[in-house]
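Please look over the sequence and the model first.

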Amino acid sequence: MEYQTTPGRAGQFTAIMEEMTAWFSYATHRVNHFLKVWAYARHLGLSEGLSEEMQFLLEVAALMHDIGIRPSEEKYHSAAGKYQETEGPIVARPILERHGFTPEQTERICYLIAHHHTYENMDGPDYQILVEADFLVNLFEEGHTRHSIESVREKIFRTASGLKCLDTLYLGPGGQIPAEKD
């Protein structure tokens, strides 16, 4: 696939966005999902004051976090998280390399993809934020109950901006519990 040659990080980001849109062109809801996760990851990362490098890698990982769904569905007939974590980095690595990501950047992005459904031993704020961003979207998309949301809040959420967002969206005054929506 040929993409525009915008220089630097903007070009890399644009290329990944285009690759992921094409990758999931068969399932528009998957494109909508990764775009929402990216938006939350961007917001949380900026709110938490990540370094420019970590923010960039977080945003790319957010775009690519579910890249393993397609090969998981083909290979295992399932999009379960454990399969995504196994298959995702295998597909992501050559894409990242093709678009000029350094070996270190590629390793971190692939690590995040390989662990975005693993909720213990989160080894950095980028990892924590990616998981929180994915939950902010999944809680709504999957129609979780108030009890479930409260449990996720207690067990998963750690960042101040993630907690604030979760509370505002789902648990605070005016918050909407997905399972109770019209």
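Helix 8 and helix 9 run roughly antiparallel to each other, a label for angles over 145 degrees. Their axes come within 11 Å and cross at roughly 175 degrees. The model is predicted: local features need pLDDT of at least 70, side-chain atom pairs count only at pLDDT 80 or more, and totals for chains, interfaces and linings use all residues. Residues are numbered from 1 along each chain as its sequence is written, and side-chain values use heavy atoms, leaving out hydrogens and water.

**Helix 8 and helix 9**
- Helix 8 spans residues 146–155, and helix 9 spans residues 160–171. Helices are DSSP runs of H or I with at least four residues, numbered from the N terminus.
- R146, I149, E150 and R153 of helix 8 contact L163, L166, D167, Y170 and L171 of helix 9. Contact means heavy atoms within 4.5 Å.

**Cover over helix 9**
- Helix 9 buries S161, G162, C165, L166, Y170 and L171. Buried means under 20% relative accessible area, with a 1.4 Å probe and protein chains only.
- Helix 2 (28–48), helix 7 (125–141) and helix 8 are among the elements covering these residues.

**E85**
- E85 sits in helix 5 (residues 81–98).
- E85 is buried, at a relative accessible area of 13%.
- Not counting residues up to four places away in sequence, E85 touches I113, A114, H115, H116, H117 and T118.
- A polar atom of the E85 side chain lies 2.6 Å from the backbone nitrogen of H117.

How values were computed. Axes are lines fitted to C-alpha atoms, for helices over the stretch in contact, and angles run from 0 to 180 degrees between N-to-C directions. Helices (H or I, at least four residues) and strands (E, at least two) are DSSP runs, numbered from the N terminus. Angles under 35 degrees count as roughly parallel, over 145 as roughly antiparallel, 65 to 115 as roughly perpendicular and the rest as oblique. Buried means under 20% relative accessible area, exposed over 50%, partly exposed in between (1.4 Å probe, protein chains only). A polar contact is a pair of N or O atoms within 3.5 Å; within protein, one must be able to donate a hydrogen and the other to accept it, and residues adjacent in sequence count only if both atoms are side-chain atoms.
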